[in-house]
Amino acid sequence: MRYRQYLKLEKSLSENTVEAYLADLDKLLTYLSDEGIDFMDVTLDDLESFSAGLRDIGIHPRSQARILSGIRSFYHFLVMEDYIRQDPTELLELPQIGRYLPDVMTVEEIDRLIGAIDRTSREGQRNRAILETLYSCGLRVSELCNLKLSDLYLKEGFVKVEGKGSKQRLVPVSSRAVNELENYFPDRNSGFVKPGYEDYVFISRFGKNISRIMVFHIIKELAEKAGLNKNISPHTFRHSFATHLLEGGANLRAIQCMLGHESIGTTEIYTHIDRNRLREEIIGHHPRNRHRL
């Protein structure tokens with residue numbers, strides 16, 4: 001299918017993302033088939049009826065927006081390849097999605113979480129290195145799981161990360177994370193590693209690179225052990241990394257580069273977090289807001 005090739009080669013999407021696009025497109029094609037409409041003859045009214053159907057069956061607005069964005073991509077492709085002359089999705093509106101302000105941990109909470117790790121356990125030092133790397137570099141969990149030894153430039157203080165769409169970026173790594181990684185390497189190198197997985201940094205007890213699910217499990221278990229009552233996931237470390245940088249005075253563009261966001265608009269969510277905290281500080285400390293005794 002030429003559309004699959006377009007997504008993979010021209011848009012540089014990962015195999016998982018390509019499959020998600022095609023699965024969402026299949027929802028539309030099934031709907032059109034049931035209605036007796038050829039996808040080449042589809043109109044804006046047809047697409048709005050399909051969109052209304054998604055809403056009626058209770059699909060979350062964020063998922064609706066994702067499905068409709070994939071459909072827009074498909075019809076853009078059809079116009080670009082001269083299969084159709086007019087793009088029927090041009091005026092198709094996406095559902096309104098409220099801004100999601102994620103949970104953020106304080107530095108003290110991150111220290112408590114890492115401090116809850118049992119260093120005498122088989123995976124203790126590995127888990128310390130995982131959490132320090134997540135927080136120090138602001139990585140996505142998939143980026144952490146796929147991190148390679150050949151991507152580490154620890155003497156120079158950088159790691160090379162392959163993000164969404166196979167785009168690479170260099171991210172500074174803290175001296176604390178470097179120290180935890182170097183303390184982990186003797187255990188890693190003396191353990192069992194399956195052929196083909198020798199270059200991965202974080203290895204599971206089965207000899208493969210650690211999975212996303214395992215990282216989620218490690219963090220959930222440690223949060224409970226540390227008595228933290230927040231909804232903490234690997235992404236919380238990424239949010240905390242960005243928020244702490246912003247609070248420390250880092251430039252928003254620099255944070256965008258370190259996070260690997262394609263659009264500055266995605267990074268700007270952290271300015272909303274910062275403003276919320278600023279408001280709390282003002283409410284709590286400004287003399288006009290203090291309760292009179």
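**Figure 1. Lys27 and Asp24 in helix H2 of the predicted model.** Lys27 and Asp24 sit three residues apart in helix H2, about one turn of the helix. Helices are DSSP runs of H or I with at least four residues, strands are runs of E with at least two, and both are numbered from the N terminus. The model is predicted, so local features need pLDDT of at least 70 and side-chain atom pairs count only at pLDDT 80 or more, whereas totals for chains, interfaces and linings use all residues. Residues are numbered from 1 along each chain as its sequence is written, and side-chain values use heavy atoms, with hydrogens and water left out. Lys27 and Asp24 form a salt bridge, with 3.4 Å between the closest N and O atoms. A salt bridge requires a side-chain nitrogen of Lys or Arg within 4 Å of a carboxyl oxygen of Asp or Glu. Lys27 is partly exposed, at 35% relative accessible area, whereas Asp24 is buried, at 4%. Buried means under 20% relative accessible area, exposed means over 50%, and partly exposed lies in between (1.4 Å probe, protein chains only).

**Figure 2. The salt bridge between Arg66 and Asp24.** The side chain of Arg66 meets that of Asp24 in a salt bridge, at 2.9 Å from N to O. Arg66 belongs to helix H4 (residues 61–80) and Asp24 to helix H2, so the pair ties together parts that are 42 residues apart in sequence. Arg66 is partly exposed, with a relative accessible area of 44%.

**Figure 3. The salt bridge between Glu180 and Arg128.** The side chains of Glu180 and Arg128 form a salt bridge (3.0 Å, N to O). This pair links distant parts of the chain, with Glu180 in helix H8 and Arg128 in helix H6 (residues 124–137), 52 residues apart. Glu180 is buried, at 5% relative accessibility, and Arg128 is buried, at 10%.

**Figure 4. A salt-bridge network.** Salt bridges link Arg4, Lys8, Glu15 and Glu19 in a network. The structure holds 13 salt bridges.

**Figure 5. Aromatic pairs, with Tyr3 and Tyr6 as one of them.** The structure holds 11 aromatic pairs. Tyr3 and Tyr6 have ring centres 6.1 Å apart and ring planes at 25 degrees, so the pair is stacked. Rings of Phe, Tyr and Trp (its six-membered ring) pair if their centres lie within 6.5 Å; planes under 30 degrees apart count as stacked, over 60 as edge-to-face and the rest as tilted. Tyr3 and Tyr6 lie three residues apart in helix H1 (residues 2–10), and are therefore separated by about one helical turn. Both Tyr3 and Tyr6 are buried. Ring pairs join Tyr3, Tyr6, Phe39, Phe74, Tyr75, Phe77 and Tyr83 into a cluster.

**Figure 6. The rings of Tyr184 and Phe202.** Tyr184 lies in helix H8 (residues 175–190) and Phe202 in the loop between H8 and helix H9 (212–226), so the pair ties together parts that are 18 residues apart in sequence. The ring centres of Tyr184 and Phe202 are 5.7 Å apart and the planes are at 25 degrees, so the pair is stacked. Tyr184 is buried, with a relative accessible area of 3%, and Phe202 is buried as well, at 0%.

**Figure 7. Lys148 over Tyr200.** Lys148 lies over the face of Tyr200, 5.0 Å from the ring centre. A charge sits over a ring if NZ of Lys or CZ of Arg is within 6 Å of the ring centre and within 35 degrees of the ring normal.

**Figure 8. A nonpolar surface patch.** Phe39, Met40 and Tyr83 make up a nonpolar patch on the surface, together having about 250 Å² of accessible area. Patches consist of residues with over 30% relative accessible area and no salt bridge: like charges are joined within 9 Å, nonpolar side chains (Val, Leu, Ile, Met, Phe, Trp, Tyr) within 5 Å. Accessible areas come from the Shrake-Rupley method with a 1.4 Å probe, and for residues only the protein chains shown count as cover. Met40 is placed in the loop between helix H2 (15–35) and helix H3 (44–56). Met40 is partly exposed, with a relative accessible area of 32%.

**Figure 9. The backbone at Asp82.** Asp82 has a phi near 65 degrees, a positive value in a residue other than glycine. Most residues other than glycine have a negative phi. Asp82 lies in the loop between H4 and helix H5 (107–115) and is exposed, with a relative accessible area of 68%.
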